[in-house]
2 protein chains.
Amino acid sequence: MSSRKVARVERATVELRETRANLLEAAAKLIRISGVHSLTHTAIAAEAGVARQSVYRYFKDPEEAVVALAENLGVVIRDTFNTSFEDGGPDPLARTSKAVASMLVSDSVLNKALYLSAPLLIAQGKSPVFPNEKNEEALGRQLEASGLAEPSEGTDMLDIVGTYFYGLVYKWATGSSSDKEFCAAMGRLASDIAELAAGRRASL
Amino acid sequence: MSSRKVARVERATVELRETRANLLEAAAKLIRISGVHSLTHTAIAAEAGVARQSVYRYFKDPEEAVVALAENLGVVIRDTFNTSFEDGGPDPLARTSKAVASMLVSDSVLNKALYLSAPLLIAQGKSPVFPNEKNEEALGRQLEASGLAEPSEGTDMLDIVGTYFYGLVYKWATGSSSDKEFCAAMGRLASDIAELAAGRRASL
């Protein structure tokens with residue numbers, strides 16, 4: 001390929017990526033206003049100021065835009081998780097759960113909707129919006145290092161922490177607890193688990 | 001009112017109740033096939049074999065039918081909870097969580113959809129599909145009787161058990177765990193919590 005052709009292809013790729021990002025921002029805005037289930041190609045097109053056909057070119061159906069937004073949230077969660085985990089200092093679990101909670105409530109309406117849309121991702125075999133296996137490994141190492149990771153009748157501590165996290169998320173995403181209550185509970189997650197685990201170690 | 005009039009009013013009331021139950025059964029069938037969000041008045045009318053106007057008379061919008069189904073599920077959960085709790089014998093928490101799990105997976109697709117529709121109920125200030133305050137009181141007394149109910153830095157054991165339950169429900173309702181995995185985890189809930197709490201008691 002000539003260098004001019006290369007430049008053209010590169011420019012086209014950047015344009016595609018930018019259009020996709022604009023359409024996703026439009027979809028996010030619509031979800032914040034009226035939820036996931038009123039999302040249509042027509043509404044996304046109007047919000048982004050493009051032709052309806054363009055939206056079809058990027059997303060087969062509105063659900064695909066929701067899945068893409070959830071995947072983007074997944075990336076942010078994993079980054080938040082890893083950054084605060086590797087920050088150094090004591091109590092990485094407390095640091096991490098607080099950082100994840102602050103990030104999630106900073107765009108509360110959208111993120112709640114994305115958590116309740118997890119079946120769309122899981123049906124496609126995609127990893128859900130919550131922390132992925134790499135995060136779990138890091139968390140597992142942390143729990144092990146602090147002696148909290150012994151298996152308990154078929155369920156290990158990592159699984160208990162994860163399930164507890166999903167429980168807090170469910171209560172928040174359904175509106176049964178507020179942003180403030182969610183952040184407070186996430187802030188206590190580490191001490192609740194640590195206290196339980198300390199008791200558990202003492203009983204072994 | 002004459003006894004004939006009374007009989008007529010009673011008959012009319014029974015008819016109203018039966019029609020409502022039929023419409024809800026039709027809505028449940030549609031949700032099992034294609035989810036909560038494709039539910040319309042037209043589809044419910046066609047499924048129930050009544051005129052569309054009749055459906056409007058009972059439910060302002062399809063969400064109202066979803067809320068009614070979730071409230072019905074709530075009644076069944078509370079009954080299952082109370083019945084197995086008061087059955088007598090050891091380990092009411094294990095008995096109850098197993099009974100609730102079996103009941104939920106017996107109509108898995110519908111009940112998963114109803115759990116993910118909890119925001120509709122909560123937005124109306126209605127008690128959500130999961131166990132209500134009366135169940136929580138019973139559970140609280142049980143946890144107390146077995147010495148598991150001491151408060152832990154702002155979170156008591158009842159809250160921890162509840163959040164853990166919601167976590168299992170979230171994983172199941174989103175499809176991240178199967179019916180079988182959900183039942184197994186619900187079966188372990190009591191021993192996981194009891195073991196953690198035993199450790200906690202030992203450390204006090």
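Buried means under 20% relative accessible area and exposed over 50%, with partly exposed in between; the legends below apply these terms to a predicted model.

**View 1. The cysteines C183(A) and C183(B).** Because partly exposed covers the range between the buried and exposed cut-offs, C183(A) falls in this class at 27% relative accessibility, and C183(B) is likewise partly exposed, with a relative accessible area of 26%. Over all chains, the structure holds zero disulfides.

**View 2. T163(B) and its neighbours in chain A.** T163(B) belongs to helix α9 of chain B, which comprises residues 157–173, and its relative accessibility of 1% means that T163(B) counts as buried. When residues up to four places away in sequence are left aside, T163(B) touches T163(A), Y164(A), G167(A), L168(A) and K171(A). With K171(A), the side chain of T163(B) also forms a side-chain to side-chain polar contact of 3.0 Å.

**View 3. Helix α6 of chain B.** This helix, formed by residues 108–116, is mostly covered, since seven of its nine residues are buried. The buried residues of α6(B) are S108(B), L110(B), N111(B), A113(B), L114(B), Y115(B) and L116(B).

**View 4. A nonpolar surface patch in chain A.** M1(A), V6(A) and V9(A) together make a nonpolar surface patch of about 300 Å². One of these residues, V9(A), is found in helix α1 of chain A, which spans residues 3–34, and V9(A) counts as partly exposed because its relative accessibility is 43%.

Key. Residues numbered from 1 in each chain as written. Chains lettered and ligands numbered in written order. Predicted model: local features only at pLDDT ≥ 70, side-chain atom pairs only at ≥ 80, totals over all residues. Heavy atoms only, no water. Helix = DSSP H or I, 4+ residues; strand = E, 2+ residues; numbered from the N terminus. Buried < 20%, exposed > 50% of the residue type's maximum accessible area, 1.4 Å probe, protein only. Polar contact = N/O pair within 3.5 Å; in protein donor to acceptor, adjacent residues only side chain to side chain. Contact = heavy atoms within 4.5 Å. Disulfide = S-S within 2.5 Å. Patch = residues over 30% accessible without salt bridge, like charges linked within 9 Å, V, L, I, M, F, W, Y side chains within 5 Å. Areas by Shrake-Rupley, 256 points an atom, 1.4 Å probe, with all protein chains shown as cover. Salt bridge = Lys/Arg side-chain N within 4 Å of Asp/Glu carboxyl O.
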